[in-house]
Amino acid sequence: MSEKVIAAVRTGPEQTEFREFNMPDVPDDGALLKIEVAGICGTDVKFYSKPPIDDPVIMGHENIGYIAKAGHTFRKRRGLKEGDLVFAEHYVGCMNCEHCHRGDYRLCMATDWRKNPDGIRFGYTSAIKAPHLWGGFAQYMFLPWNAILHRVPVGLSAELAGVVTPMANGIQWALFDCGVGYDSKVLVQGPGQQGLSQIVACKQAGASLIIVTGTEKDKKRLEVAKKLGADHAINVDEEDPLQRIQQITAGEGVDVSLDCTAGAGTIPVLLGIEALKRKGGTLLVQGDVSEFPNFPLGKIANKYITIKAARGHNYESCELALRQLNSDRFPLDLITTHRFGLEKTHDAIKAVGASGEVIHVSLMPWS
Ligand SMILES: [Zn+2]
Ligand SMILES: [Zn+2]
């Protein structure tokens with residue numbers, strides 16, 4: 001009798017079914033990951049309620065685990081062996097294009113599930129496609145030859161390593177894309193795990209002013225934001241954020257505005273444009289708003305604003321994030337607030353979307 005793997009499969013909007021899959025054969029150049037922690041983020045909340053594809057999908061794209069089985073060529077090429085703790089990026093690159101050579105696997109067509117029907121991305125790919133185990137909400141995940149792996153540094157717990165994805169995005173978006181550095185003045189909109197990770201990255205890089213905004217339900221998160229280095233926290237349900245930002249910056253505005261909100265529509269974009277300094281600021285935008293009537297293009301030109309799109313993380317930002325998480329410079333355990341077993345997958349995703357008490361949720365299939 002062959003061994004079975006239990007996985008939580010998304011079968012429709014807000015529907016999870018537990019299914020058994022055959023333990024896959026590990027090819028010479030591939031491996032099998034025993035999932036230790038699968039992090040859950042706002043993207044999961046979004047795609048759980050509105051699945052982007054109809055096929056069954058094992059979600060879970062922020063995965064930490066132990067190499068459980070590995071082929072000979074895999075071990076030789078990767079310098080990894082069975083028992084090693086690794087972070088698997090959710091991108092699976094072709095390893096041949098210009099983006100892959102730069103470590104920008106997120107931009108590779110081989111992992112673009114929107115445009116390429118054969119694209120593979122952990123947590124997004126159809127479970128119908130063999131060998132089926134393409135997501136972290138399961139006991140095991142299949143690692144093909146082109147999975148992108150990072151060794152988890154010695155001393156870093158799997159649970160805290162589970163924050164690597166938002167932290168890597170923090171480094172990528174704030175530092176690499178928007179150029180935050182010494183003496184930068186930054187507005188972070190939204191104090192969820194993503195916004196909090198931006199704050200840590202900005203503080204570490206030398207930002208002299210960090211303002212964070214949130215709503216009434218974010219009260220606890222705003223407190224955590226201050227403990228992680230935010231200088232000012234604004235509850236937008238209590239006060240006018242723009243007025244307050246103008247007051248804090250003596251009318252100068254900020255250098256960079258980072259949108260880490262969820263479901264706030266065009267509001268954070270408009271606030272960001274207004275809050276940026278008179279000339280030459282940088283605005284980081286998300287792609288949630290498909291249409292933007294009356295977009296103030298004139299103001300973008302007038303204020304000489306650079307717009308950057310939030311698009312995941314590159315290889316280097318993951319390495320830096322793992323080191324950041326392994327340093328004791330910030331009380332990062334304030335972020336890892338909740339743990340759920342595999343049988344509670346539905347509740348775990350709902351928890352991320354629901355409460356301001358919840359910051360980072362770890363799905364731990366074996367606990
Ligand atoms: Zn995510
Ligand atoms: Zn590529």
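Trainee: In which loop is Met95 found?

Mentor: This is a predicted model, and in it Met95 is found in the loop between strand 5 and helix 3. Met95 has a positive phi of about 70 degrees although it is not a glycine.

Trainee: Why is Met95 called partly exposed, and why does Ala250 count as exposed?

Mentor: The limits are under 20% relative accessible area for buried and over 50% for exposed, with partly exposed in between. Met95 has 26%, so Met95 is partly exposed. Ala250 has 67%, so Ala250 counts as exposed.

Trainee: What is the omega of the peptide bond from Ala130 to Pro131?

Mentor: Omega is near -5 degrees, and this bond is cis. Most peptide bonds are trans. Pro131 lies in the loop between helix 3 (98–102) and strand 6 (140–143).

Trainee: Which residues are the protein donors of the zinc ion (ligand 2), and why is the site called tetrahedral?

Mentor: The donors are the SG atoms of Cys94, Cys97, Cys100 and Cys108, lying 2.3 to 2.4 Å from the ion. Four donors count as tetrahedral if all angles lie between 85 and 135 degrees; the angles here are 103 to 117 degrees, so the site is tetrahedral. Along the chain, the donors of ligand 2 follow the spacing C-x2-C-x2-C-x7-C.

Trainee: Which protein donors does the zinc ion (ligand 1) have, and why are His61 and Glu62 called buried?

Mentor: The protein donors of ligand 1 are Cys41 (SG), His61 (NE2) and Glu62 (OE), at 2.0 to 2.2 Å. Their spacing along the chain is C-x19-H-E. His61 has 4% relative accessibility and Glu62 has 3%; buried means under 20%, so His61 and Glu62 count as buried.

Trainee: How do you know that strand 5 pairs with strand 4 and with strand 7?

Mentor: Pairing requires at least two bridges. Strand 4 (residues 62–70) and strand 5 run antiparallel and are joined by 4 bridges, so they pair. Strand 5 and strand 7 (residues 147–151) also have 4 bridges, in the antiparallel sense. Individual bridge partners are Gly65 with Val86, and Phe87 with His150. Strand 5 is mostly covered, with 8 of its 8 residues buried.

Trainee: What makes the buried residues of helix 12 line one face?

Mentor: The buried residues of helix 12 (residues 345–354) are Thr345, Ala348, Ile349, Ala351 and Val352. Seen down the helix axis, they fall within an arc of 155 degrees, so they line one face. An α-helix has 3.6 residues a turn, so residues three or four places apart point the same way.

Trainee: How many residues does the largest nonpolar core have, and which have the most contacts inside it?

Mentor: The largest nonpolar core has 47 residues, and those with the most contacts inside it are Ile64, Ile199, Leu228, Leu258 and Leu332. Helix 5 (residues 164–177) supplies the largest share of this core, 6 residues. Apart from it lies another core, of 45 residues, among them Tyr48, Val86, Ala127 and Ile349.

Methods: Residues are numbered from 1 along each chain as its sequence is written. Chains are lettered from A and ligands numbered from 1 in the order in which they are written. This is a predicted model: local features need pLDDT of at least 70, side-chain atom pairs count only at pLDDT 80 or more; totals for chains, interfaces and linings use all residues. Side-chain values use heavy atoms; hydrogens and water are left out. Buried means under 20% relative accessible area, exposed over 50%, partly exposed in between (1.4 Å probe, protein chains only). Helices (H or I, at least four residues) and strands (E, at least two) are DSSP runs, numbered from the N terminus. The arc is that of the directions from the helix axis to the C-beta atoms. Donors are N, O and S atoms within 2.8 Å of the metal (3.2 Å for Na, K and Ca); water is not among the atoms, so sites may look incomplete. Four donors count as tetrahedral if all angles lie between 85 and 135 degrees; four count as square planar and six as octahedral if opposite donors are over 155 degrees apart and all others between 65 and 115; anything else is irregular. A nonpolar core is a set of buried Ala, Val, Leu, Ile, Met, Phe, Trp, Tyr and Cys residues joined through side-chain atoms within 4.5 Å.
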